[in-house]
Amino acid sequence: MYVILIYDINIEEDNKKGQRILNNSFKICKKYLNHVQKSVFEGEIDKAQLEKLHAELNRYIRKDLDSVIIFKSNNPRWLMKDFWGIKEDKTSNFF
Amino acid sequence: MKRSYYLFSNGELKRRDNSLIIKNTRTSKYIPVEDVNQIYVFGEISFNSKLTNFLFQNNITVHFFNYYGYYSGSFYPRENLLSGDVHLKQAVNHLNFHKRLLIAKEFINSASFNISRNLKYYNRKGITLEFQIKEIDFLRKKINNVNSIEELMGIEGNIRKIYYSTWDFFINQNINFKKREKHPPKNWINSLISFINSLIYTTTLTEIYHTHLDPTISFLHSPSERRYSLSLDISEIFKPIVGDRLIFSLLNKNMITHESFIEEFNHIILKDSAKKIILKEFDERLKQTIKHKKLNKKVSYRRLFRLECYKLEKHVTEDTKYEGFKIWW
């Protein structure tokens with residue numbers, strides 16, 4: 001499936017701890033998905049991998065303060081993507 | 001579905017935060033490690049042992065191509081799927097002359113079936129190839145009666161000769177394709193075939209890695225040539241359906257022309273831009289799915305490579321008789 005993942009980590013409550021959680025979340029997410037914008041990730045992922053990602057993230061995020069949203073789509077074709085401003089394909093596998 | 005990554009730019013590939021990063025003077029970009037199946041390296045990439053260890057852990061194969069675009073070798077992680085049983089049985093199947101010939105015949109049988117299928121497609125489109133198709137079918141009938149690998153290779157050579165002689169008829173460009181030449185290819189069409197065949201070969205190798213089979217023990221090709229010859233064997237089946245069809249479409253759509261090549265000393269090599277076009281198309285093609293008759297579900301072309309390995313594994317362990325992949329649509 002094709003997913004877009006966005007997270008919001010609260011750093012106001014406890015700056016030091018929040019920052020650490022933010023860093024960890026970033027590191028975990030970029031193992032599985034392409035980093036598109038500051039807290040936005042995107043890419044093809046299968047069910048098992050998504051579970052793994054979920055489990056890894058669960059170790060850090062605080063249920064009452066942080067939030068992670070995942071938009072799922074069975075196929076990237078069902079997702080019209082437009083760029084306003086800089087146009088850059090960050091999910092490419094050609095470098 | 002994990003993807004292949006293609007690195008053209010120069011720079012450094014590193015391990016960073018348990019994932020991969022590619023860095024050069026201008027940019028740095030993360031590669032999600034869980035999304036990587038294999039990496040193709042075309043540019044100048046440096047990397048260190050820390051990274052290689054990390055690639056080992058994640059079972060990622062890396063294929064290297066030299067300056068001329070020829071396949072030079074692969075970084076093949078330590079076999080993680082080891083089975084002494086399969087290994088021995090694979091060797092037994094190689095050593096027993098009859099068993100070896102049986103498998104080798106099946107490779108040529110399905111490869112040539114797929115070749116004649118390609119010709120029949122163009123025949124239906126109104127290009128008269130009946131004579132050549134008959135000729136190939138005649139040769140195919142002989143496959144069952146051969147008594148040695150050399151004889152089998154001879155028949156295969158003859159089939160290919162007829163096959164290649166027809167290309168001029170259905171390719172819109174003036175390709176001037178007289179005969180297949182390697183080491184080094186002397187005209188651009190040969191150079192194109194060599195490049196695409198090497199892609200098929202590496203894809204097969206990556207898929208073999210994910211099974212218990214030993215890539216060095218082969219049946220059709222002789223295994224003592226310092227290469228992964230089983231990969232060459234299995235590639236035979238997929239060259240006509242994946243490789244050749246890709247070549248036809250690239251040429252007939254004028255995506256690749258004479259202009260895509262440069263001559264250097266006695267090499268005719270692909271331009272970087274042309275390589276990118278080919279790889280993009282190749283990547284797309286492997287992702288395309290077909291409805292599998294037996295499994296009754298959609299499978300991608302890449303998956304077919306893996307299924308072929310599984311079938312072979314089942315054959316050597318004497319579970320089910322190996323039947324090569326024959327195109328059915």
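Mentor: A salt bridge is a side-chain nitrogen of Lys or Arg within 4 Å of a carboxyl oxygen of Asp or Glu. By that rule this predicted model has 16 salt bridges over all chains.

Trainee: What makes Glu156(B) and Arg160(B) a salt bridge?

Mentor: Their side chains come to 3.1 Å, N to O. The cut-off is 4 Å, and the pair is an Arg nitrogen with a Glu oxygen, so the term applies. Side chains of opposite charge can pair when their charged atoms come close.

Trainee: What makes Arg306(B) and Glu207(B) a salt bridge?

Mentor: The distance from N to O is 2.6 Å. That lies within 4 Å, therefore the pair counts. Arg306(B) belongs to helix α9 (residues 301-316) and Glu207(B) to helix α6 (residues 188-209), 99 residues apart. Arg306(B) and Glu207(B) are buried.

Trainee: Which residues are joined into one network?

Mentor: Glu156(B), Arg160(B), Glu236(B) and Lys239(B), through salt bridges that share partners.

Trainee: Why is Gln38(B) called buried?

Mentor: Its relative accessible area is 0%. Buried means under 20%, so Gln38(B) qualifies. Gln38(B) is found in strand β5 of chain B.

Trainee: What does the domain assignment give for chain B?

Mentor: It gives domain 1 (3-75) and domain 2 (84-318). Their C-alpha centres lie 27 Å apart.

Trainee: How do you know that domain 1 and domain 2 of chain B are in contact?

Mentor: Contact means heavy atoms within 4.5 Å, and so defined, 17 residues of domain 1 are in contact with 23 residues of domain 2. The area buried between the two domains is about 1900 Å², with 60% from carbon and sulfur atoms. Phe8(B), Tyr68(B) and Tyr70(B) supply 30% of the area that domain 1 buries against domain 2, more than any other three residues.

Trainee: How many salt bridges and polar contacts are there between domain 1 and domain 2 of chain B?

Mentor: The count of salt bridges is zero. Eight residue pairs are in polar contact. On the side of domain 1 that touches domain 2, the residues divide into nine nonpolar, eight polar and no charged.

Trainee: How many salt bridges lie across the interface of chain B and chain A?

Mentor: Three. In one of them, Lys52(A) and Glu34(B) meet at 3.4 Å, N to O. That is within 4 Å, so the name holds. Between the two chains there are also 14 residue pairs in polar contact. The side of chain B that touches chain A divides into eleven nonpolar, four polar and ten charged residues.

Trainee: How many residues of each chain are in contact there?

Mentor: 25 residues of chain B with 17 residues of chain A. The area buried between the chains is about 1900 Å², of which carbon and sulfur atoms give 53%.

Trainee: What elements does chain A have?

Mentor: Two helices and four strands, in the order β-α-β-β-α-β from the N terminus on. Of its 95 residues, 39% are buried.

How values were computed: Residues numbered from 1 in each chain as written. Chains lettered and ligands numbered in written order. Predicted model: local features only at pLDDT ≥ 70, side-chain atom pairs only at ≥ 80, totals over all residues. Heavy atoms only, no water. Domains from an automatic or database assignment. Buried area = accessible area lost by both parts, 1.4 Å probe. Polar contact = N/O pair within 3.5 Å; in protein donor to acceptor, adjacent residues only side chain to side chain. Nonpolar A, V, L, I, M, F, W, Y, C, P; charged D, E, K, R; others polar. Buried < 20%, exposed > 50% of the residue type's maximum accessible area, 1.4 Å probe, protein only.
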